[in-house]
Amino acid sequence: MTVSAHVVWHDVECGRYDADLTLWSELAREAGGPVLDVGAGTGRVALRLAEEGLDVTALDVDGELLDVLEARARAAGVEVETVRSDATAF
């Protein structure tokens, strides 16, 4: 899959940050239900939670970022439902 400069920029800006992932995991497990990742981008949080066995839906307005998330989910062997929508209209 060829990625655009837009996707590369997103991953450089957001993709490598992981200091909050333990917190997101703890909050998701405490909630005890499916997780909605609003503004999921390329899946930094959504993929991590799915890899931990949680039911995750990723919401983002940017279809290109969601396409990358879907490809990464397939490569990781996890399931993440994606929804392209503005969060204010969802």
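Biologist: Which residues in H2 meet which residues in H3?

Modeller: Leu 21, Trp 24, Ser 25 and Ala 28 in H2 meet Arg 44, Val 45, Arg 48 and Leu 49 in H3, where contact means heavy atoms within 4.5 Å. By class, that's 5 nonpolar, 1 polar and 2 charged residues. One caution: this is a predicted model, where local features need pLDDT of at least 70, side-chain atom pairs count only at pLDDT 80 or more, and totals for chains, interfaces and linings use all residues. Residues are numbered from 1 along each chain as its sequence is written, and side-chain values use heavy atoms, leaving out hydrogens and water.

Biologist: Why is H2 called oblique to H3?

Modeller: The axes of H2 (residues 21–31) and H3 (residues 44–51) come within 10 Å and cross at roughly 55°. Angles under 35 degrees count as roughly parallel, over 145 as roughly antiparallel, 65 to 115 as roughly perpendicular and the rest as oblique. So H2 is oblique to H3.

Biologist: What makes S1 and S3 edge strands?

Modeller: The open sheet has 3 strands in the order S1-S2-S3, with parallel pairing. S1 (35–38) and S3 (80–84) each pair on one side only. Two strands pair if DSSP finds at least two bridges between them.

Biologist: How do you know that S2 and S3 pair?

Modeller: S2 (residues 56–60) and S3 share 5 bridges in the parallel sense, and the definition asks for at least two. In one of those pairings, Asp 60 has Arg 84 in S3 as its bridge partner.

Notes. Axes are lines fitted to C-alpha atoms, for helices over the stretch in contact, and angles run from 0 to 180 degrees between N-to-C directions. Helices (H or I, at least four residues) and strands (E, at least two) are DSSP runs, numbered from the N terminus. Ala, Val, Leu, Ile, Met, Phe, Trp, Tyr, Cys and Pro count as nonpolar, Asp, Glu, Lys and Arg as charged, and the others, Gly among them, as polar.
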